[in-house]
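Good morning, and thank you for coming.

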Amino acid sequence: MSLDIDKIKKMGIENTGKIFYNLSYREFFLHETKNNEGAVTALGAFTVDTGIFTGRSPKDKYFVKQSPSEEHIAWGSVNKPITKELFEKLLAKAKKQLSNKDIYIEDVYCGASIKSRKKVRFVTEVAWQAHFVKNMFIRPSENELAGFEPDFTVYNACRCVNEDYKKDGLNSDVFVIFNIEDNIAVIGGTWYGGEMKKGIFSMMNYWLPLEDKLSMHCSANVGTDGDTALFFGLSGTGKTTLSTDPQRKLIGDDEHGWDDEGIFNFEGGCYAKCINLDPKSEPEIYEAIKKDALLENVVVNKEGIVDFADAKKTENTRVSYPIYHIKNHEPSLMAGHPKNIIFLTADAFGILPPVSKLNKEQAMYYFLSGYTAKVAGTERGITEPVATFSACFGEAFLPLHPTDYAKLLGEKIDRHKVNVFLVNTGWSGGVYGVGKRMSIKATRNCINAILDGSINECKYEKLDIFDLYFPVALSGVESVILNPRNTWSDKTEYDAVRVKLAEMFIKNFKRYSEGSYGYAKAGPKLI
C-alpha cells in the first residue's frame, strides 16, 4: 500500500525519494540489512545501537506554551515551556532533514479501545525506527489503513540537531517538542527508540484524564476467571517480568488506560529490559527475542551471540517485540476492571517488606510517592542507594499535575472495590551491597498469593514507623523474610536506616501535604 503524494506535500516534506509506507517485517529486515543499520543476531532478532543516547533525554523535552493547553499543563522541571516561534523553527529544521531523501512512514493506533484510541503517524528516515514503531504500537488492518487520517504526527529527524540551542535558551542541541494544539511532535538529535514510545504516552496522559479516563504507567494481565491485575512500577522494578506469567494472559507490559468498560493496552508490543536476562527465570521474554524483534545496545560477538550480562554500552539494554511473541497474551489487549493493583518498588535500603496490604489512604500515598531506589553503578556518581520518587510511578510522562491522576485512581478503587498491595522487589537483609536482592521466585509467590486471594486470609503484623501491614506467613515464601527487620544481623542498624528512609518519604511528600489532597497521615510517622 502506498501513501497519497498530496498528503506528503501537505506535511511539508519536499522532493521525497521513495516513500516506504507501513512495510512488512520482511521488508524492514531487507531495508535494515541493506542500509547497514545493525546486525542479525543468532537468536534471529535484529540489533542496533542508538549512539550516545541509550535512554530518554528528559531535560530536552518541551511543550509549546499556548492556549488552551497551557491551562492544564503542570509547568516545571518535567514540563518545560517553549515558544510557538521556536517550535516552528525546529519543526522546519526537522522537515528539511526529512526532505530530499527516502523516508519511512508508519500509521498506527495508540489504544486498544476504539472509543479511546488515537491514530498516530510517524515519519523517519531510518528503517529500524519505523520497525520499532511497528513493534510497539497497534498495527491497523489494510482496510483501516486505506482511510487512515492521523490525529497526531511525529516527525523523527534524529540526524539533525539544533546548533543554536544556547541562543535559543534550550538545554542542549537535542529537542523533543510537543505542540498539543497542532497535534505534532518533533524529535531531533537523539536516536533512542523509546523517545517515540514515551512521547505518545505523554500525550495519552494529557488527552485521557481530560475525558475522565485514567492513563497509567503499568503492566497488566488477566486470569482464567477474568480477574485483572495491574502492576505499577518504575524502570527496573519488574513490571514486564512479573506481568509475564504462563498462568495468566498478558494484556500489556507498560502503558494502559482505564475507562468505564475496563482496562486497555495503549500498545501492541513490549519493550523489555535485557540486562542479565536469564532464560531460566524469564523464559517468556527470552523466547520472544526472535525474528522481527529489535534489540538495542546489546553486546554481540562475531558469531551473533548476545551477551546479555555485558553492560559496557549501557545498563539500559532493551528489546522491542510485537506482543504476540508472548504465547500467552490477550489478543484483544483489553480486560475488565481490575481486582488487584500492585505497586512495585525496588527498595535498595532493605527496609520495606516483600509484600504489604494497603488501605485506600495508603494506596493514595504510595501512588503519589512513586518510590524506588537507584543503586551504585546505574548512574555516574552513585556510590550508595539513592531514593527516587516519581509521582504515579511515571512523573516524567505526566503533563498534568500528579493529583489529577491520583484523584481518578482513588475514584476507581472505590467504585470497583480494588485491593491494593505494595511489593518490594529490592533488597533484604541489608542495604544494597550488604543484603541480597529478593529472588524472582519469592516475589512471584507473593504475587501468586495476591492473585489467588490467599493473602487476604493471612494473619498480619505491622511495620513500625511505616505502619505497613505484612503477612506473617505465605506459601512458598520463607517466613523470616516477610518481616524485613528479621533479615538484618544488626537490628539497631536496620532501625536507623528505617528512620532515614522514612525521613526521605516525609520530605518528598511535603509537595502535596499543604493541599487538601495530601494523604500525608497515611505515610511514615516519626515522633
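This is a predicted model: local features need pLDDT of at least 70, side-chain atom pairs count only at pLDDT 80 or more; totals for chains, interfaces and linings use all residues.

A disulfide is counted here as a pair of cysteine sulfur atoms within 2.5 Å.

Residues are numbered from 1 along each chain as its sequence is written, and side-chain values use heavy atoms, with hydrogens and water left out.

To return to the cysteines, the sulfur of Cys270 has its closest cysteine sulfur in Cys274, at 12 Å, which is again too far for a bond. The count of disulfides comes to zero. Cys160 is buried, with a relative accessible area of 7%, and Cys270 is buried at 1%. Buried means under 20% relative accessible area, exposed means over 50%, and partly exposed lies in between, with a 1.4 Å probe and protein chains only.

I turn now to the sheets. Helices (H or I, at least four residues) and strands (E, at least two) are DSSP runs numbered from the N terminus. Two strands pair if DSSP finds at least two bridges between them. In general, strands of a sheet pair through backbone hydrogen bonds, either parallel or antiparallel.

Axes are lines fitted to C-alpha atoms, for helices over the stretch in contact, and angles run from 0 to 180 degrees between N-to-C directions.

Within this sheet, strand β4 (residues 61–64) runs parallel to strand β9 (residues 175–179), and three bridges join them. Tyr62 stands opposite Ile177 in β9. Contact here means heavy atoms within 4.5 Å. In the loop between β4 and β5 we find Pro68, which a cis peptide bond joins to Ser67, with omega about 5°.

A further open sheet has five strands, in the order β2-β3-β17-β20-β16, and its pairing is mixed. Here β2 (39–40) and β16 (269–273) stand at the edges with a single partner strand each, so one side of each has no neighbour in the sheet. Strands β17 (residues 294–296) and β20 (residues 318–322) pair in the antiparallel sense over three bridges, and Glu296 has Arg318 as its bridge partner in β20.

Helix α4 (residues 127–136) lies across β3 (46–48), β16, β17 and β20, running at about 115° to β17. Since 10 of the 10 residues of α4 are buried, α4 is largely enclosed by the rest of the structure. Among those buried residues are Trp128, His131 and Lys134.

Which residue in the loop between β17 and β18 (299–300) deserves a remark? The residue is Asn297, which has a positive phi of about 65° although it is not a glycine. Asn297 counts as buried, at 2% relative accessibility. Leu333, in the loop between β20 and β21 (334–335), also has a positive phi, near 60°, and counts as buried at 8%.

Next comes strand β26 (residues 419–424). Five of its six residues are buried, so β26 is largely enclosed by the rest of the structure. Strand β22 (residues 338–345) pairs with β26 in the parallel sense over six bridges, whereas strand β23 (residues 355–358) runs antiparallel to β26, joined by four bridges. Val423 of β26 is the bridge partner of Leu344, and Val355 stands opposite Val423 as well.

Finally, a pair of helices. Helix α10 (residues 360–369) packs against helix α14 (residues 491–513) at about 95°, with their axes 10 Å apart. The two are therefore roughly perpendicular, a term for angles of 65 to 115 degrees; under 35 counts as roughly parallel, over 145 as roughly antiparallel, and the rest as oblique. Residues making the contact include Tyr365 and Tyr366 of α10 and Phe505 and Phe509 of α14. Thank you for your attention.
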